[in-house]
Structures are given as structure tokens and as C-alpha cells.
Amino acid sequence: MSKYDLIVIGSGPGGYVAAIRASQLGMKVGVVEKAELGGICLNWGCIPTKALLKSANVFEYIKHAKDYGIEVKDAKADIGGMVKRSRDVANSMSKGVQFLFKKNKIDQIVGFGKLKKGSKVEVTDASGKKTDYEAKHIIVATGGRSRELPNLKIDGKKIIGYREAMVLEEQPKKLLVVGSGAIGVEFAYFYNSIGTEVTIVEFLPRIVPVEDEEVSKTLDRSFKKAGMKIYTNSEVTKVDTSGKSCIATVKTPEGEIKIETDVVLSAVGIATNLEGIGLEETGVKTDKGKVIVDDFYKTNISGVYAIGDIVKGPALAHVASAEGIICVEKIAGHNPQPLNYNNIPGCTYCSPEIASVGFTEEAAKKAGYEIKVGKFPFTASGKAKAGGNADGFVKVIFDAKYGEWLGAHFIGANVTEMIAEVVVARNLETTGHEIIKSVHPHPTMSEAIMEAAAAAYGEVIHI
């Protein structure tokens with residue numbers, strides 16, 4: 001029987017990062033993966049969707065080329081070409097993980113992994129053959145999949161999840177998106193930008209409901225300006241797929257309506273992959289679809305750990321990676337600090353982009369803080385105006401008493417590239433005045449962070 005210091009079940013951004021860090025720390029590591037290296041994020045999530053969104057972004061620039069003094073005629077969106085580019089990018093990145101495994105002498109074990117008692121993992125390959133592997137430590141990093149609503153069963157053709165939405169062979173004329181979290185609004189933007197008639201149905205009072213209310217309102221306005229229809233406080237109660245098209249019954253505050261569409265995209269969150277992986281047999285405790293772990297991702301069973309989407313916390317790739325590193329460093333006898341889940345950035349890659357971290361204005365008030373809020377619109381940004389991307393703003397929230405940076409909320413072009421400044425600053429306990437006095441380059445979008453901080457303290461220059 002092959003023996004390892006560490007076996008990781010799952011090779012997503014939690015699993016493969018944990019494996020590489022463990023190898024760097026001198027462990028003999030094996031990773032069990034039934035599909036492509038890199039997991040859902042790299043192959044069917046974060047990376048290929050960003051490739052599609054970039055194609056949409058380029059097409060939008062072409063459609064508005066005249067605004068930049070350029071004449072372009074007869075530009076057409078080729079969904080087949082866009083999908084091919086997206087898949088090529090994902091495949092290239094998966095090969096990159098293969099290279100990293102070879103570089104770090106990590107064994108790839110192909111098959112479906114299942115925990116067994118006695119610090120063992122049973123791996124079933126494609127032929128059904130079962131092989132046991134032994135390890136001192138086992139990390140479960142099996143991730144998630146599209147969540148299905150009872151009245152919205154995914155059939156892969158007329159009612160689809162994010163995976164099918166990435167590889168449609170034909171562009172639908174009409175698309176109904178159910179759910180307006182990151183996945184929902186990203187696909188809504190993509191298909192709308194290439195000419196599909198898009199409708200969004202959101203159960204909660206506003207789209208992107210986890211974001212600051214002003215961000216939600218701005219995106220709602222932008223999407224409606226782009227021609228999308230949006231129904232909030234609404235619910236798809238059933239979908240008739242018996243005809244050529246789909247007929248969705250939607251319960252709205254104004255009453256029940258029928259929406260005819262070619263395809264329904266269910267984007268109502270994710271479900272964790274906990275079935276059949278041996279948790280019950282080995283006694284690993286779970287609660288409400290999540291594995292129960294301590295601050296360093298140890299389960300109630302000695303030598304068994306869990307990270308990523310299957311544990312409590314935001315289901316984000318960068319969170320899983322951070323958890324994986326903390327977990328293996330603790331196993332190796334180092335002294336890592338527990339992850340600060342209040343300083344995790346969230347990014348949504350529709351257009352305009354959204355990026356946020358920390359408290360929203362509403363949450364800060366509910367938490368009892370007396371706050372100072374600064375906001376700087378991109379209409380006042382020279383770089384944003386020059387780039388033709390003046391939609392959106394930067395909003396920052398500080399504790400009035402001590403100057404602690406409580407939160408930041410951005411919406412606009414490329415703001416996902418800007419949020420890390422806030423994450424680092426909050427980690428270093430930087431105050432608003434220190435941001436104001438830190439010279440930001442001109443002209444850049446990042447100046448808006450400095451200006452927003454100045455606005456919070458009554459020192460803003462350019463508005």
C-alpha cells in the first residue's frame with residue numbers, strides 16, 4: 001500500500017495549493033482527482049468564465065468603437081469562437097497545475113476518493129478498480145456544484161447550470177437567469193452583451209444582494225440601461241419545458257406573470273460535494289451541509305481535515321487557497337494565524353465590475369459603529385473618463401472614533417484589480433488619514449480610493 005504524509009482529496013484551488021505548500025514543507029504528497037486538475041474553478045468556473053467575459057468586453061468595445069474615433073463595420077459575436085477560446089484558456093491553466101505537480105514531486109492519483117477508517121483513502125478509478133492509500137494526514141477539498149431548486153431541476157438543455165452556460169453551442173435569443181449573485185450577473189452580462197435578450201429574476205429585494213445597497217442600485221441601473229429586464233422580490237415557481245421554448249411562471253409583487261425564453265439558467269448558489277466520500281463511515285461531523293472544523297481546519301477525527309466550499313465561510317477560490325496553506329502549515333508544526341474572514345475580498349466580473357471587503361454601511365451601523373463614509377464617483381476620475389468607463393464609484397467606510405477602515409465597496413471598470421489595496425491596508429490597521437497622505441499615481445483609477453478617503457474626512461479635492 002502506498003503511504004504518504006498527506007493525501008488531498010480534490011485538486012481545486014484549495015486542494016492543489018495545499019498540496020504544493022505541503023510539498024514545499026517537506027511532505028510526501030498525493031492528490032486524488034476524478035476529473036481535471038485545478039477543479040471546478042480552473043476548468044469550469046473562475047478562469048473560463050473570465051475568458052468569456054473578456055470576449056464580451058472586447059465585443060462591447062467594438063460596438064462602441066465610434067465613441068473612440070474608430071470606424072468598425074459588420075462585427076459579429078461568434079459564440080463558438082468565444083467558447084473555444086475559453087476552453088483553450090482553461091486547458092492551458094490545467095496543464096500548468098500538472099507542471100506544478102511535477103515540479104513539486106506531487107503524485108496525481110486519478111479516481112474518486114473516499115475516506116476509510118485507519119487513515120486510509122479508497123480510490124475508485126474509471127474501470128471500477130479500488131485501491132487503498134494510507135496517509136498520516138488527509139485533507140478533504142471536494143468543493144461544490146450548482147444548487148438545484150425542487151421546482152427548477154437542471155436538465156442540461158433547457159434548464160441549465162453554470163457549467164452548461166459556458167459551452168452552449170448556439171447563442172439563445174432569450175435567456176432567463178434565476179438568481180443574481182456573482183454567477184447570475186456575470187452570465188447575464190455576457191449573454192446580453194452579445195445580443196441575447198436577458199431577464200433576471202431575484203428572490204430578494206435587490207440584485208447582488210450581499211453587496212452594499214448603493215452598489216446594487218448602480219448595477220441595477222446599468223443592467224436596465226443595457227436592455228435587461230429585472231424582477232426583484234420575485235420567484236420562478238415552475239417552468240414548462242414541453243414545447244420548443246420554455247414558459248416560466250414568475251411570482252412578482254404585482255402578481256403572477258409568464259416569461260417565454262429559450263433557456264433558463266439556474267444560478268441560485270452552490271451545494272457542497274459531501275456525498276459518498278466516507279464522512280459518515282469515518283464519523284466526521286457535519287452540520288447543514290458543511291464539515292465542522294476548528295480554526296486550523298481539523299475535523300473531529302484525528303488526522304482528517306477539510307477546507308474550501310465544504311466548510312463554513314465564503315465559497316471563494318482565494319479563501320480555499322488561504323485555508324489550505326494555513327492547514328498544512330499547522331500540520332507541519334508552524335504557527336499560522338487563523339484566517340480573518342472579515343477581511344476577505346469579494347469580486348464580481350460583470351460590467352461594471354464589483355469589488356468589496358469588510359462591513360457594508362448598513363452592517364457597520366448595525367454593529368454599533370459611529371462611521372465616516374466617503375464616496376468618489378468615477379465621473380470625476382480623469383482615467384475613467386479617458387477610458388470611456390465613468391460608471392460607478394468608490395465608497396469607503398471608517399470608524400469615526402479610531403479611524404479603523406471598516407469596509408470598502410467599488411463598482412466600475414477594473415475595480416477587481418483595486419480592492420487588494422484595501423485588504424492589505426486593513427490587515428496593517430491603516431487609517432483613513434494614512435491613505436489620504438499616501439500619494440497615488442495620476443491618472444489612475446486607484447486615485448479614487450485616496451479621494452474617497454479624503455471625502456470621508458472633508459478633504460476631497462476633485463468633487
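Predicted model: local features only at pLDDT ≥ 70, side-chain atom pairs only at ≥ 80, totals over all residues.

Biologist: What radius of gyration does the protein have, and what would a compact globule have?

Modeller: One compares the value with that of a compact globule, which for 463 residues would be near 23 Å. The protein has 24 Å, which agrees. Along its principal axes, the C-alpha trace spans about 65 × 60 × 45 Å. The protein contains 14 helices and 24 strands. Among contacts with a separation of 6 or more, 62% are between residues 24 or more positions apart.

Biologist: Why is strand β9 described as largely enclosed by the rest of the structure?

Modeller: A residue counts as buried when its relative accessible area is under 20%. In strand β9, residues 174-178, four of the five residues are buried, so the strand is largely enclosed by the rest of the structure.

Biologist: In which sense do β9 and β10 pair, and over how many bridges?

Modeller: β9 and β10 pair in the parallel sense, over five bridges. Between β9 and β10 the chain passes through helix α6, residues 182-193, and this β-α-β crossover is right-handed. As an example of the pairing, Leu175 has Val198 in β10 as its bridge partner.

Biologist: Which strand is joined to β9 by four bridges?

Modeller: That strand is β15, residues 263-266, which runs parallel to β9. Val178 stands opposite Ser266 in β15.

Biologist: Is Thr199 buried or exposed?

Modeller: Thr199 has a relative accessible area of 7%, so it is buried. Its place is in strand β10, residues 197-201. Leaving aside residues up to four places away in sequence, Thr199 touches Leu175, Leu176, Val177, Lys229, Tyr231 and Ile259.

Biologist: How many disulfides are there, by the distance rule?

Modeller: The rule asks for two cysteine sulfur atoms within 2.5 Å. By this rule the count comes to one disulfide. It joins Cys41 to Cys46, with 2.1 Å from S to S. The angle about the S-S bond is -125 degrees, and the link of Cys41 and Cys46 is left-handed.

Biologist: Where is the place of Gly358, and with which residues is Gly358 in contact?

Modeller: Gly358 lies in strand β21, residues 353-358. Apart from neighbours within four places in sequence, Gly358 is in contact with Asn342, Leu406, Gly407, His409 and Arg426. With a relative accessible area of 27%, Gly358 is partly exposed. Sequence and space may also be read side by side: Gly358 and Glu36 are 322 residues apart in sequence and 34 Å apart in space, C-alpha to C-alpha.

Notes:
Residues numbered from 1 in each chain as written. Heavy atoms only, no water. Helix = DSSP H or I, 4+ residues; strand = E, 2+ residues; numbered from the N terminus. Buried < 20%, exposed > 50% of the residue type's maximum accessible area, 1.4 Å probe, protein only. Contact = heavy atoms within 4.5 Å. Pairing = 2+ DSSP bridges. Right-handed = clockwise from strand over helix to strand, strands pointing away. Rg over C-alpha atoms; globule rule 2.2 N^0.38 Å.
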